[in-house]
Amino acid sequence: MKFTLSWLKQHLETTATLDQIVEALTRIGLEVEGVENPGEKLAAFKIAKVLSAERHPQADKLQILSVDAGNGPLQVVCGAPNARAGLVGVFGAPGAYVPGLEVTLKLASIRGVESNGMMCSTRELELGEDHDGIIELPEDAPIGTPYPDYAGLTDPVIDVAITPNRQDCMGVRGIARDLAAAGLGTLTPLTFDAFTSEGAGPDVRTDDTAGCPAFFAQTVTGVTNGESPEWMRRSLIAIGQKPISALVDITNYLMIDLGRPLHVYDRAKLSGGLVARKAKHGEQVVALNGKTYTLDATMTVIADDAAVHDIGGIMGGEHSGVSADTTDVLIECAYFDPDHIARTGQKLTLTSDARSRFERGVDPAFLDDGLAIATALVLHICGGTASDVTRSGEPPLEPRVIHYDPRLSADLGGLHVAPERQARTLLSLGFTIGAIQSADAFSDALFSTIEGKWPVTIPSWRRDVDGPADLVEEVVRIEGIDNIPSTPLPRMPGVAKPTATPEQKLERRARRAAAARGLDEAVTWSFLSETEAAPFGGGAWTLANPISEDLKVMRPSLLPGLLAATGRNLKRGQQSVRLFEIGRRYLADAERATLGVVLAGDRRPRGWRDGKAATFDAYDAKAEALALLAASGAPVDNLQVMPVLSAAEGGEAGDAWHPGQSGTLRLGPKTVLASFGMLHPSVLKAFDLDGAVAAVEVYLDAIPPKRATGFARPAYTPPALQAVRRDFAFLVPAALATDTLVRAVKGADKVAIVSARVFDVFTGQGVEEGHKSVAVEIVLQPTAKSFTDEEIKAIADKVVAAAAKQGATLRV
C-alpha cells in the first residue's frame with residue numbers, strides 16, 4: 001500500500017524524520033518495500049513564460065513560441081490551442097523524458113522550423129487526463145523554478161507491504177496508529193465537518209444477511225460532479241491512482257485514508273430501491289472495468305428492481321456509475337462477509353482495492369462514521385443536501401474479551417516487558433483493559449485495581465487477534481523483535497547424540513545420490529491446479545479457499561511440478577533437462593515421501609563420433625530408478641520389473657505412463673518401490689511439452705528399513721577363489737520379459753550363482769517368428785574349493801531346466 005509522508009502526518013502528529021519512520025515501520029512488522037520521490041521524474045521540467053506566439057508558416061494549427069525558462073528565450077513549436085503570449089506554463093528542454101509520451105525530447109525540426117523542447121499538458125506529465133491544452137499557471141509563478149518544487153510534488157511516497165492478517169493497516173490511519181503506539185508521535189483525533197440532514201433516507205435493505213450483514217446508505221441531492229480539489233488529486237496521483245471525478249475520487253481517497261471502501265450510485269440510473277441479495281444463477285453485470293461477469297447463486301450483489309448494479313464488496317456496475325451529469329447520488333456503506341468476498345473474487349478471477357480490504361475484514365463498527373465522513377466530503381466538495389441515513393441489518397459487533405497474563409510476554413515472546421508498559425502499548429493500539437478505555441485514561445491508581453489476568457477487549461478493527469499469544473505478539477513487535485535476547489538452548493552433557501531420523505537419513509542419501517548422478521534439484525509447489533493434477537489421477541485434497549486457482553489441489557505426484565519446471569527450461573533454450581525433487585505426495589490415506597525425476601531433451605549432444613543427438617528413453621529412466629534405489633538401501637537384486645497398472649486397474653497415476661514403455665520395480669507382487677518409463681503423450685500435451693520425456697518416481701516410504709546391526713560394519717573379505725563365468729543363449733517367446741528369465745536362471749542354484757545378467761537380445765534371421773534370442777551371462781563363485789567339470793555341468797543343467805519352466809529352450 002502506498003501513501004505520502006504528508007498524508008501520514010494528517011493522522012500522526014510527529015517530528016520524526018522520513019528515515020526514522022521507515023525504520024520504525026519495518027521494525028513493527030509493516031515492511032517498507034520502497035520510498036520514492038514522485039517529483040524526481042519531472043525534475044527536468046521548469047516553469048516558463050511564453051514571450052511571443054506567431055503563426056507557423058507551414059501549418060495552420062501550429063505556432064512558433066518564444067519561451068523563457070530562466071535562461072533566455074528559446075524557440076518552441078507548439079500545437080496547443082491555448083498557447084499565447086503571456087501564458088505561464090511548464091517547459092521541457094531537450095534531454096527531458098516525458099513520462100506520458102514515453103519519449104526523450106531532442107532538438108527537432110517541425111515543418112522546417114527548429115523546436116527546442118515543448119510546453120507540456122497535464123496528461124503528458126501524468127498529472128491528469130486533460131490534453132486539450134498546455135498547463136496554465138498563475139502569472140506570478142517563478143520563472144525558471146523546477147516545476148516539482150513549485151507544485152509540491154516532492155512529497156516522499158512510502159510503499160508498505162501489508163500482510164493478510166493486518167486488515168487494520170489497509171488504511172493510512174491504521175498505519176499511523178501503529179506508529180503512535182511505537183512512540184513516533186500522537187494519533188490525531190478523527191474529525192469531520194458537521195452537517196444537517198433533511199428528509200427520509202433511501203430505500204435500501206439486505207436480504208442476504210450472510211453475505212451482507214449490514215447495508216447503510218444516504219442520499220445527497222443537487223451535487224455538482226466536477227474535478228476533485230487539488231489536494232485530493234495530488235494525493236491520489238502520488239500513489240498511482242488516476243483522478244476521475246470528485247465523487248469517485250472521494251470514495252477512492254477514503255478507502256486509502258481510512259481503509260473503508262464505499263460506492264456511489266447515480267440515482268437517476270436506478271429503478272426503485274436497492275437490495276443486497278444473492279445473485280440469480282446466470283445473471284450478468286457489466287462492471288466498472290468494462291467486462292461482463294456471469295454470476296451464480298452463491299454471490300452477493302446489489303440490485304434494484306431492474307438489474308444488478310454491483311458485485312457486492314468487489315466492484316460496482318458500469319451503467320449505474322456517476323458521471324459529469326450526475327446531480328443526485330446514493331452513497332453505499334456496507335459490511336460484507338470476508339469469506340463470501342474471497343470466494344466470489346476467486347470464482348470471477350476479479351481483483352480490486354475494495355476486495356482486498358473486504359476479504360481481510362473491514363471495521364464493522366465504522367459504518368456510521370464512514371458514511372458520515374463520505375457524506376460530509378461530498379457536501380463540502382460537490383454541494384447538495386443530505387438525507388437521513390437508512391440502516392438495514394446489523395454488523396457483527398459482539399465484544400471479544402481475552403484474559404491475558406502479562407507474564408506471557410517473557411514466557412512466549414522471550415522478552416520481559418513491565419506490565420505497565422504492556423498495558424500502555426495495548427491501549428495505544430486500541431485495546432481496552434477492564435475499565436481503562438484508552439492510553440490517555442491510564443493511571444497507576446486505576447491500573448492497580450485490575451487483579452489477576454487482565455480482561456482485554458479486542459478492538460472491532462482487529463479481526464486477526466484471537467488469543468493471548470496474539471497479544472504477546474502485539475507487545476513484542478512494538479517493543480522491537482530485535483530486543484529479544486539471543487538465548488541458546490541448554491546443551492546436554494557429553495557427546496551430542498544424532499538427531500536425524502531414519503527417514504531424514506534416507507532422504508539425505510537419496511538426495512546426494514541424485515546430485516552425484518548429474519541431476520539438478522528443483523523445489524516446486526506442493527499445490528497444483530486441477531488441470532495439472534488431472535493427468536495423474538486428480539488430487540485427493542482440494543483447498544476450500546486457495547490463494548489462487550493455480551494452487552488449489554495438493555499434489556498427488558511430484559511429476560506435475562517437475563514437468564512445469566522442465567517446460568520453462570526447455571522454452572528458454574536448455575538442451576538437456578535432468579531434474580529431481582524430494583518431497584511429499586498427498587494421497588487420500590497419508591503423505592508419502594517420494595523422489596521424482598524428469599529427463600527431457602538430449603541425453604547426449606550431437607558430435608563427430610556419434611552423429612546426431614540421442615534422446616532419453618525408458619532404459620535411462622530404469623537405470624536412474626535402480627541407482628537411486630540402491631543408494632537408498634533397497635534390495636535391488638531382489639526387485640521385479642512389472643507393468644504399471646492403469647487407474648482402472650487400481651494403479652496410482654497409471655494413465656500418466658506410456659503403455660509398453662514403462663514399468664514398476666517391486667519387492668514382491670504388491671510392494672511398489674518405483675515407477676519409471678516414458679510419459680504418455682496426453683500428459684506431455686497437457687504440459688505443452690514437445691518430444692519424449694522420461695520420468696521416475698521412487699517411493700521412499702515403501703523402501704524396507706535396514707535391520708539394526710550396530711554401528712560397526714563387518715570387514716570386507718574378498719573371495720579366495722576366482723569366479724567362473726558361463727554364457728547361455730535361450731530361445732524364448734517374444735512376450736516373455738527378460739527379467740523373468742534372469743530371475744529364474746539366478747534362482748537355479750542360489751549358493752553357486754552369485755549374479756546373472758542379459759548381454760544380448762536378438763530377433764531376425766535364424767530366430768523363428770514370435771520368439772527372440774536372449775543371451776545370459778552367469779557368474780559362479782566357488783567357496784571352499786574350485787568347481788570340477790562335473791559340478792559346473794550340473795549347475796548348467798539346473799540353469800537350463802529353470803529356463804525351460806519359463807518356456808525357454810537352449811540354442812545349440
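# Questions about a predicted model

User: Is Asp208 buried or exposed?
Analyst: Asp208 has a relative accessible area of 5%, and the cut-offs are under 20% for buried, over 50% for exposed and partly exposed in between (1.4 Å probe, protein chains only). This is a predicted model, so local features need pLDDT of at least 70 and side-chain atom pairs count only at pLDDT 80 or more, while totals for chains, interfaces and linings use all residues. Residues are numbered from 1 along each chain as its sequence is written, and side-chain values use heavy atoms, with hydrogens and water left out. With its 5%, Asp208 is buried.

User: Which residue forms a salt bridge with Asp208?
Analyst: A salt bridge here is a side-chain nitrogen of Lys or Arg within 4 Å of a carboxyl oxygen of Asp or Glu. For Asp208, the closest N and O atoms of the pair are 2.7 Å apart, and the partner is Lys278.

User: How many residues apart in sequence are the parts that Lys278 and Asp208 tie together?
Analyst: Lys278 and Asp208 meet in a salt bridge. Lys278 lies in strand E18 (residues 274–278), while Asp208 lies in the loop between strand E15 (204–206) and strand E16 (214–221). Strands (E, at least two residues) and helices (H or I, at least four) are DSSP runs, numbered from the N terminus. Because of where the two residues lie, the pair ties together parts whose separation in residues is 70.

User: Which residues of strand E21 are buried on the side other than that of Thr300 and Ile302?
Analyst: In a regular strand, side chains alternate between the two faces of the sheet. Strand E21 (residues 300–303) is covered on both faces, with Thr300 and Ile302 buried on one side.

User: How many residues lie between E21 and E22 in their hairpin?
Analyst: E21 and strand E22 (residues 308–311) pair in the antiparallel sense over 3 bridges. In this pairing, Ile302 has Asp310 of E22 as its bridge partner. The number of residues between the two strands of the hairpin is 4.

User: Which helix gives the largest share of the lining of the largest cavity?
Analyst: A cavity is a set of points, on a 1 Å grid over the protein atoms alone, where a 1.4 Å probe fits but cannot get out; lining residues have an atom within 4 Å of a point. The largest cavity holds about 40 Å³ of space, and Thr300 turns up again among its lining residues, along with His340, Ile341 and Thr344. The largest share, 3 residues, comes from residues 338–348, helix H7.

User: What is the volume of the largest pocket?
Analyst: Unlike a cavity, a pocket is an open set, with protein on both sides within 12 Å along at least five of seven lines. Grid points are joined across faces, edges and corners, and a volume is the space filled by probe spheres set on the points. For the largest pocket, that comes to about 1,200 Å³.

User: Which strand supplies the largest share of the lining of the largest pocket?
Analyst: Several elements each supply at least two lining residues, including helix H17 (618–631), helix H19 (738–746) and strand E41 (753–762). The largest share is 6 residues, and the strand behind it is E41.

User: Which strands stand at the edges of the open sheet of 3 strands?
Analyst: The order in this sheet is E27-E29-E28, with antiparallel pairing. Two of the strands, 401–404 and 432–433, each have a single partner strand, so one side of each is left without a neighbour in the sheet. Those edge strands are E27 and E28.

User: About what angle does the direction of helix H13 make with that of E27?
Analyst: Helix H13 (residues 468–479) packs on the sheet, touching E27 and E29, where contact means heavy atoms within 4.5 Å. Axes are lines fitted to C-alpha atoms, for helices over the stretch in contact, and angles run from 0 to 180 degrees between N-to-C directions. For H13 and E27, the angle is about 75°.

Definitions and conventions. Two strands pair if DSSP finds at least two bridges between them.
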